[in-house]
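Please keep the sequence and the structure in view while reading.

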Amino acid sequence: MYKIKLLLTTLIVLILIGELHAQNSWGIGLVGGYDIPLSGLKNWYSGAALTGGKIIFNTSQNNELEIEYNYNVFLNSTMSKRMFAAKSQIKYAFVDKDANNKPMFLTDANGNYIPYAEVDKQTYPDAKQTYADSLYSSSGASRMTVHSITVNTIKYFDEINFLKSRLFITGGFGFYFYKNEVDSLLYGGQPIYKHKKVFMKTFEDSRVSLGFNFGGGIDFSVADNIAIDLRGKYNFIVGELRPMEAYKYKGKGFKKDAEDIGGLTKVFPIQYVTFSASVKYYFQ
(Lines give C-alpha, C1' and ligand atoms only; values in the text may rest on other atoms or scores of the structure.)
Protein backbone atom coordinates (compact mmCIF):
# COMPACT_ATOMS: atom_id res chain seq x y z
CA MET A 1 0.00 0.00 0.00
CA TYR A 2 2.86 2.36 0.82
CA LYS A 3 4.40 1.88 -2.64
CA ILE A 4 1.06 2.58 -4.30
CA LYS A 5 0.58 5.77 -2.32
CA LEU A 6 4.14 6.86 -3.13
CA LEU A 7 3.59 6.19 -6.84
CA LEU A 8 0.31 8.09 -6.81
CA THR A 9 1.83 11.09 -5.02
CA THR A 10 4.78 11.16 -7.44
CA LEU A 11 2.46 10.99 -10.45
CA ILE A 12 0.28 13.84 -9.23
CA VAL A 13 3.28 16.04 -8.40
CA LEU A 14 4.75 15.47 -11.87
CA ILE A 15 1.44 16.36 -13.51
CA LEU A 16 1.14 19.50 -11.39
CA ILE A 17 4.67 20.67 -12.18
CA GLY A 18 4.27 19.95 -15.88
CA GLU A 19 0.94 21.70 -16.20
CA LEU A 20 1.99 24.74 -14.17
CA HIS A 21 4.98 25.23 -16.46
CA ALA A 22 2.95 24.68 -19.61
CA GLN A 23 -0.14 26.78 -18.83
CA ASN A 24 -0.77 30.38 -17.91
CA SER A 25 -4.42 29.78 -17.01
CA TRP A 26 -5.46 27.52 -14.17
CA GLY A 27 -8.07 27.41 -11.44
CA ILE A 28 -9.46 25.75 -8.36
CA GLY A 29 -12.89 24.41 -7.49
CA LEU A 30 -15.02 23.30 -4.56
CA VAL A 31 -17.22 20.23 -5.04
CA GLY A 32 -20.40 19.04 -3.34
CA GLY A 33 -22.68 16.23 -4.39
CA TYR A 34 -24.32 12.89 -3.71
CA ASP A 35 -23.30 9.30 -4.49
CA ILE A 36 -25.84 6.59 -5.35
CA PRO A 37 -24.64 2.95 -5.10
CA LEU A 38 -25.17 0.55 -7.98
CA SER A 39 -25.28 -3.23 -8.34
CA GLY A 40 -24.12 -5.14 -5.24
CA LEU A 41 -23.16 -2.02 -3.30
CA LYS A 42 -26.79 -0.88 -3.14
CA ASN A 43 -27.56 -3.99 -1.06
CA TRP A 44 -25.27 -2.52 1.61
CA TYR A 45 -26.08 1.21 1.39
CA SER A 46 -28.48 3.67 -0.20
CA GLY A 47 -26.49 6.89 -0.73
CA ALA A 48 -23.92 9.29 0.68
CA ALA A 49 -23.10 13.00 0.54
CA LEU A 50 -19.85 13.95 -1.18
CA THR A 51 -17.40 16.83 -0.66
CA GLY A 52 -14.12 17.65 -2.33
CA GLY A 53 -12.00 20.01 -4.35
CA LYS A 54 -10.05 20.21 -7.59
CA ILE A 55 -7.20 21.94 -9.38
CA ILE A 56 -7.99 22.83 -13.00
CA PHE A 57 -5.63 23.40 -15.93
CA ASN A 58 -6.71 24.90 -19.28
CA THR A 59 -4.98 22.79 -21.91
CA SER A 60 -6.80 24.50 -24.80
CA GLN A 61 -9.86 26.62 -25.46
CA ASN A 62 -12.20 23.62 -25.26
CA ASN A 63 -10.23 21.23 -23.07
CA GLU A 64 -9.25 21.06 -19.43
CA LEU A 65 -7.31 18.73 -17.18
CA GLU A 66 -8.26 18.51 -13.52
CA ILE A 67 -6.91 16.76 -10.46
CA GLU A 68 -9.85 16.06 -8.16
CA TYR A 69 -10.16 14.86 -4.58
CA ASN A 70 -13.48 13.55 -3.23
CA TYR A 71 -14.55 12.23 0.15
CA ASN A 72 -17.76 10.48 1.19
CA VAL A 73 -19.09 8.27 3.99
CA PHE A 74 -21.82 5.69 3.39
CA LEU A 75 -23.67 5.45 6.72
CA ASN A 76 -27.20 4.24 5.98
CA SER A 77 -26.41 0.51 5.90
CA THR A 78 -28.79 -2.43 5.68
CA MET A 79 -27.02 -4.36 8.46
CA SER A 80 -29.76 -3.72 11.01
CA LYS A 81 -32.32 -5.35 8.68
CA ARG A 82 -30.43 -8.61 8.24
CA MET A 83 -32.17 -11.77 9.48
CA PHE A 84 -31.43 -15.49 9.47
CA ALA A 85 -33.55 -18.00 7.57
CA ALA A 86 -33.62 -20.32 10.58
CA LYS A 87 -35.35 -20.68 13.92
CA SER A 88 -34.25 -17.98 16.28
CA GLN A 89 -33.51 -20.34 19.22
CA ILE A 90 -35.10 -17.72 21.47
CA LYS A 91 -38.74 -17.99 22.52
CA TYR A 92 -40.74 -14.83 21.88
CA ALA A 93 -44.04 -13.76 23.38
CA PHE A 94 -47.38 -13.78 21.60
CA VAL A 95 -50.93 -13.24 22.86
CA ASP A 96 -53.07 -14.86 20.18
CA LYS A 97 -53.05 -16.41 16.72
CA ASP A 98 -54.39 -15.01 13.48
CA ALA A 99 -56.82 -16.62 11.02
CA ASN A 100 -53.94 -18.65 9.53
CA ASN A 101 -52.99 -20.00 12.98
CA LYS A 102 -49.83 -17.87 13.01
CA PRO A 103 -48.66 -16.35 16.30
CA MET A 104 -49.33 -12.64 16.72
CA PHE A 105 -46.06 -11.65 18.39
CA LEU A 106 -45.70 -8.80 20.84
CA THR A 107 -43.41 -6.02 19.59
CA ASP A 108 -41.58 -3.11 21.14
CA ALA A 109 -41.64 0.53 20.00
CA ASN A 110 -39.19 -0.29 17.18
CA GLY A 111 -41.27 -3.16 15.84
CA ASN A 112 -38.93 -5.89 17.16
CA TYR A 113 -40.29 -9.04 18.77
CA ILE A 114 -40.09 -9.19 22.57
CA PRO A 115 -38.40 -12.22 24.15
CA TYR A 116 -40.83 -14.07 26.43
CA ALA A 117 -38.44 -13.70 29.37
CA GLU A 118 -38.65 -9.91 29.07
CA VAL A 119 -42.44 -9.58 28.84
CA ASP A 120 -44.27 -7.59 31.50
CA LYS A 121 -46.53 -10.35 32.84
CA GLN A 122 -48.83 -7.86 34.55
CA THR A 123 -49.52 -6.08 31.26
CA TYR A 124 -49.77 -9.35 29.27
CA PRO A 125 -50.92 -12.05 31.73
CA ASP A 126 -52.06 -14.32 28.88
CA ALA A 127 -48.80 -14.15 26.94
CA LYS A 128 -47.53 -17.42 25.53
CA GLN A 129 -44.16 -18.33 24.07
CA THR A 130 -42.87 -19.88 20.85
CA TYR A 131 -39.91 -19.71 18.52
CA ALA A 132 -39.84 -17.10 15.77
CA ASP A 133 -38.81 -17.97 12.21
CA SER A 134 -35.79 -15.71 12.17
CA LEU A 135 -33.27 -13.90 14.30
CA TYR A 136 -33.18 -10.15 13.82
CA SER A 137 -29.72 -8.52 13.81
CA SER A 138 -30.97 -5.13 14.98
CA SER A 139 -27.62 -4.17 16.53
CA GLY A 140 -25.66 -4.66 13.31
CA ALA A 141 -24.13 -1.60 11.69
CA SER A 142 -21.67 -0.75 8.95
CA ARG A 143 -20.09 2.29 7.32
CA MET A 144 -17.84 2.82 4.34
CA THR A 145 -15.53 5.78 3.78
CA VAL A 146 -14.09 6.54 0.35
CA HIS A 147 -11.24 8.94 -0.46
CA SER A 148 -10.54 9.32 -4.17
CA ILE A 149 -7.84 11.16 -6.11
CA THR A 150 -8.43 11.18 -9.86
CA VAL A 151 -7.01 12.85 -12.95
CA ASN A 152 -9.85 13.84 -15.31
CA THR A 153 -10.04 15.32 -18.78
CA ILE A 154 -12.93 17.55 -19.87
CA LYS A 155 -13.99 18.16 -23.44
CA TYR A 156 -16.26 21.20 -23.92
CA PHE A 157 -18.65 21.68 -26.83
CA ASP A 158 -19.61 25.02 -28.40
CA GLU A 159 -21.27 27.61 -26.20
CA ILE A 160 -25.06 27.63 -26.26
CA ASN A 161 -27.40 30.59 -25.81
CA PHE A 162 -28.30 29.86 -22.20
CA LEU A 163 -26.40 31.74 -19.49
CA LYS A 164 -23.14 31.39 -21.42
CA SER A 165 -23.17 27.65 -20.86
CA ARG A 166 -21.31 24.77 -22.47
CA LEU A 167 -22.05 21.07 -22.45
CA PHE A 168 -19.12 18.74 -21.80
CA ILE A 169 -18.06 15.15 -21.44
CA THR A 170 -15.46 13.93 -18.96
CA GLY A 171 -13.47 10.85 -18.12
CA GLY A 172 -10.60 9.98 -15.83
CA PHE A 173 -8.80 7.51 -13.62
CA GLY A 174 -7.12 7.44 -10.26
CA PHE A 175 -6.98 5.73 -6.90
CA TYR A 176 -9.83 5.09 -4.48
CA PHE A 177 -8.98 4.56 -0.80
CA TYR A 178 -11.96 2.78 0.75
CA LYS A 179 -12.65 1.18 4.13
CA ASN A 180 -15.82 -0.79 4.89
CA GLU A 181 -16.35 -1.44 8.62
CA VAL A 182 -18.91 -3.89 10.04
CA ASP A 183 -19.80 -3.89 13.74
CA SER A 184 -22.11 -5.80 16.12
CA LEU A 185 -23.28 -8.33 13.55
CA LEU A 186 -24.69 -11.60 14.86
CA TYR A 187 -22.45 -14.62 14.34
CA GLY A 188 -23.88 -16.65 11.47
CA GLY A 189 -22.57 -20.03 12.65
CA GLN A 190 -24.24 -20.04 16.07
CA PRO A 191 -26.03 -16.75 16.74
CA ILE A 192 -27.41 -17.96 20.09
CA TYR A 193 -25.37 -19.66 22.80
CA LYS A 194 -26.80 -20.38 26.25
CA HIS A 195 -29.75 -18.14 25.46
CA LYS A 196 -27.51 -15.17 24.68
CA LYS A 197 -26.78 -13.55 21.33
CA VAL A 198 -23.29 -14.09 19.96
CA PHE A 199 -21.79 -11.19 17.99
CA MET A 200 -18.90 -11.20 15.54
CA LYS A 201 -15.84 -9.09 16.20
CA THR A 202 -15.63 -5.81 14.33
CA PHE A 203 -13.97 -6.32 10.95
CA GLU A 204 -13.21 -4.23 7.89
CA ASP A 205 -12.35 -4.40 4.21
CA SER A 206 -9.72 -1.75 3.49
CA ARG A 207 -8.06 -1.31 0.10
CA VAL A 208 -6.34 1.13 -2.24
CA SER A 209 -7.81 0.37 -5.66
CA LEU A 210 -7.55 1.67 -9.18
CA GLY A 211 -10.74 3.29 -10.42
CA PHE A 212 -12.22 4.93 -13.50
CA ASN A 213 -14.97 7.44 -14.09
CA PHE A 214 -16.81 8.97 -17.02
CA GLY A 215 -19.80 11.22 -17.47
CA GLY A 216 -20.90 14.65 -18.59
CA GLY A 217 -22.61 17.85 -17.63
CA ILE A 218 -22.98 21.55 -18.22
CA ASP A 219 -20.78 24.53 -17.29
CA PHE A 220 -22.22 27.99 -16.60
CA SER A 221 -20.05 31.12 -16.77
CA VAL A 222 -21.24 33.57 -14.10
CA ALA A 223 -18.28 36.00 -14.38
CA ASP A 224 -15.05 36.39 -16.32
CA ASN A 225 -13.22 34.00 -14.00
CA ILE A 226 -16.02 32.20 -12.12
CA ALA A 227 -18.07 29.25 -13.37
CA ILE A 228 -20.54 26.71 -12.00
CA ASP A 229 -20.21 23.09 -13.08
CA LEU A 230 -23.08 20.56 -12.87
CA ARG A 231 -22.24 16.98 -13.76
CA GLY A 232 -23.06 13.34 -13.38
CA LYS A 233 -20.52 10.54 -13.62
CA TYR A 234 -20.18 6.81 -13.21
CA ASN A 235 -17.47 5.42 -10.92
CA PHE A 236 -15.96 1.95 -11.43
CA ILE A 237 -13.58 0.77 -8.68
CA VAL A 238 -11.52 -2.40 -9.05
CA GLY A 239 -12.19 -3.41 -5.46
CA GLU A 240 -14.45 -5.75 -3.51
CA LEU A 241 -16.45 -6.31 -0.32
CA ARG A 242 -16.52 -9.81 1.16
CA PRO A 243 -19.66 -11.97 0.78
CA MET A 244 -21.91 -12.66 3.77
CA GLU A 245 -24.33 -15.26 2.46
CA ALA A 246 -25.77 -16.27 5.85
CA TYR A 247 -27.69 -13.00 6.19
CA LYS A 248 -30.64 -13.61 3.91
CA TYR A 249 -34.26 -14.27 4.67
CA LYS A 250 -37.63 -14.83 3.07
CA GLY A 251 -40.69 -15.48 5.17
CA LYS A 252 -42.24 -14.24 8.37
CA GLY A 253 -39.75 -11.98 10.06
CA PHE A 254 -39.45 -9.25 12.63
CA LYS A 255 -40.40 -6.38 10.34
CA LYS A 256 -42.57 -7.45 7.42
CA ASP A 257 -44.27 -10.67 6.45
CA ALA A 258 -42.95 -12.27 3.26
CA GLU A 259 -40.22 -9.64 2.92
CA ASP A 260 -37.41 -10.99 0.73
CA ILE A 261 -34.01 -9.92 2.05
CA GLY A 262 -31.22 -11.27 -0.14
CA GLY A 263 -27.86 -12.37 1.15
CA LEU A 264 -24.85 -10.08 0.95
CA THR A 265 -23.07 -11.59 -2.02
CA LYS A 266 -19.55 -10.56 -2.98
CA VAL A 267 -19.41 -6.99 -4.30
CA PHE A 268 -17.04 -6.72 -7.27
CA PRO A 269 -16.47 -4.25 -8.75
CA ILE A 270 -17.61 -1.38 -6.51
CA GLN A 271 -19.83 0.94 -8.53
CA TYR A 272 -21.75 4.13 -7.88
CA VAL A 273 -22.90 7.25 -9.72
CA THR A 274 -22.13 10.77 -8.57
CA PHE A 275 -24.23 13.90 -9.09
CA SER A 276 -22.27 17.00 -8.15
CA ALA A 277 -22.00 20.77 -8.41
CA SER A 278 -18.74 22.73 -8.43
CA VAL A 279 -17.89 26.39 -8.05
CA LYS A 280 -14.73 27.10 -10.07
CA TYR A 281 -12.42 30.12 -9.89
CA TYR A 282 -9.82 30.72 -12.65
CA PHE A 283 -6.62 32.67 -12.16
CA GLN A 284 -5.66 34.81 -15.14
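A salt bridge is taken here to be a side-chain nitrogen of Lys or Arg within 4 Å of a carboxyl oxygen of Asp or Glu. On that criterion, a search of the whole structure, which is a predicted model, finds 9 salt bridges. Some of them are described below.

**The pair K233 and E68**
- K233 and E68 form a salt bridge in which the closest N and O atoms are 3.5 Å apart.
- Because K233 belongs to strand β12 (residues 226-237) and E68 to strand β3 (residues 63-74), the pair ties together parts that are 165 residues apart in sequence.
- K233 counts as buried, with a relative accessibility of 8%, and E68 also counts as buried, at 3%.

**The pair R143 and E181**
- In the salt bridge between R143 and E181, the closest N and O atoms are 3.7 Å apart.
- This pair links distant parts of the chain, since R143 is in strand β7 (residues 141-156) and E181 is in strand β8 (residues 165-183), 38 residues apart.
- R143 is partly exposed at a relative accessible area of 35%, and E181 is likewise partly exposed, at 25%.

- The side chains of R231 and D229 meet in a salt bridge with an N to O distance of 2.6 Å.
- R231 counts as buried at 5% relative accessibility, while D229 counts as buried at 0%.
- Both residues belong to one network, in which salt bridges that share partners join K54, E66, D219, D229, R231 and K280.

Notes:
Residues are numbered from 1 along each chain as its sequence is written. This is a predicted model: local features need pLDDT of at least 70, side-chain atom pairs count only at pLDDT 80 or more; totals for chains, interfaces and linings use all residues. Side-chain values use heavy atoms; hydrogens and water are left out. Helices (H or I, at least four residues) and strands (E, at least two) are DSSP runs, numbered from the N terminus. Buried means under 20% relative accessible area, exposed over 50%, partly exposed in between (1.4 Å probe, protein chains only).
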